[in-house]
Amino acid sequence: MNKLGKNIDSYYVTKALQLYIEGISYREIERILGVSHVSVMNWVRKYKIKAPEQTAYHPTYKILNHAELVDYLKNSGNLKGA
């Protein structure tokens with residue numbers, strides 16, 4: 001990731017805002033892009049981005065950190081049908 005002092009490459013700002021609009025949480029965006037969730041919140045405020053209301057939206061994927069992934073894979077039931 002290109003950081004120039006406190007400025008972050010506009011690619012990451014754009015991607016973070018796209019993910020936010022898709023309904024991804026701040027913490028999940030942090031995990032995906034490696035950008036602080038606080039930065040993402042600040043960009044959402046700065047650019048006045050409003051996520052569409054998606055009350056029935058439930059992603060079919062999970063974003064896990066390493067420890068969560070290890071625990072998930074320990075349960076063989078999670079691998080059935082994969």
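What follows is a short chat about aromatic pairs, salt bridges and a helix crossing in this predicted model.

Visitor: How many aromatic pairs does the structure hold?
Guide: Tyr11 pairs with Tyr12, with ring centres 5.3 Å apart. Tyr20 pairs with Tyr26, at 5.4 Å centre to centre. The count of aromatic pairs is 2.

Visitor: Is the pair of Tyr11 and Tyr12 stacked or edge-to-face?
Guide: Look at the planes: they sit at 90° to each other. Planes over 60 degrees apart count as edge-to-face. So with that cut-off, the Tyr11 and Tyr12 pair is edge-to-face.

Visitor: And what about Tyr20 and Tyr26, stacked or edge-to-face?
Guide: Here the angle between the planes is 10°. The cut-off for stacked is under 30 degrees. That makes the pair of Tyr20 and Tyr26 stacked.

Visitor: Is Tyr20 buried or exposed?
Guide: Tyr20 has a relative accessible area of 17%. Buried means under 20%.

Visitor: Now the charges. Which residue forms a salt bridge with Arg31?
Guide: Side chains of opposite charge can pair when their charged atoms come close. For Arg31, the closest N and O atoms of the bridge are 3.4 Å apart.

Visitor: How many residues apart are Arg31 and Glu68?
Guide: Arg31 lies in helix H2, residues 26-33. Glu68 lies in helix H4, residues 66-74, so the bridge links distant parts of the chain. The separation is 37 residues.

Visitor: Which helix holds both Asp71 and Lys74?
Guide: These side chains meet in a salt bridge at 4.0 Å, N to O, and Lys74 is exposed at 65% relative accessible area. Asp71 and Lys74 are 3 residues apart, about one turn of the helix. Both lie in H4.

Visitor: How many nonpolar residues are in the contact of H2 with H3?
Guide: From H2, the contact takes in Tyr26, Arg27, Ile29 and Glu30, which meet His37, Val40, Met41 and Val44 in H3. By class, there are 2 charged residues and 1 polar one, and the nonpolar count is 5.

Visitor: Is the crossing of H2 and H3 left-handed or right-handed?
Guide: The two axes come within 8 Å and cross at roughly 115°. As for the hand, the crossing of H2 and H3 is right-handed.

Notes
Residues numbered from 1 in each chain as written. Predicted model: local features only at pLDDT ≥ 70, side-chain atom pairs only at ≥ 80, totals over all residues. Heavy atoms only, no water. Phe/Tyr/Trp six-rings, centres within 6.5 Å; stacked < 30°, edge-to-face > 60°. Buried < 20%, exposed > 50% of the residue type's maximum accessible area, 1.4 Å probe, protein only. Helix = DSSP H or I, 4+ residues; strand = E, 2+ residues; numbered from the N terminus. Axes fitted to C-alpha atoms, helices over the stretch in contact; angles between N-to-C directions. Left-handed = near helix turned anticlockwise from the far one by under 90°. Contact = heavy atoms within 4.5 Å. Nonpolar A, V, L, I, M, F, W, Y, C, P; charged D, E, K, R; others polar.
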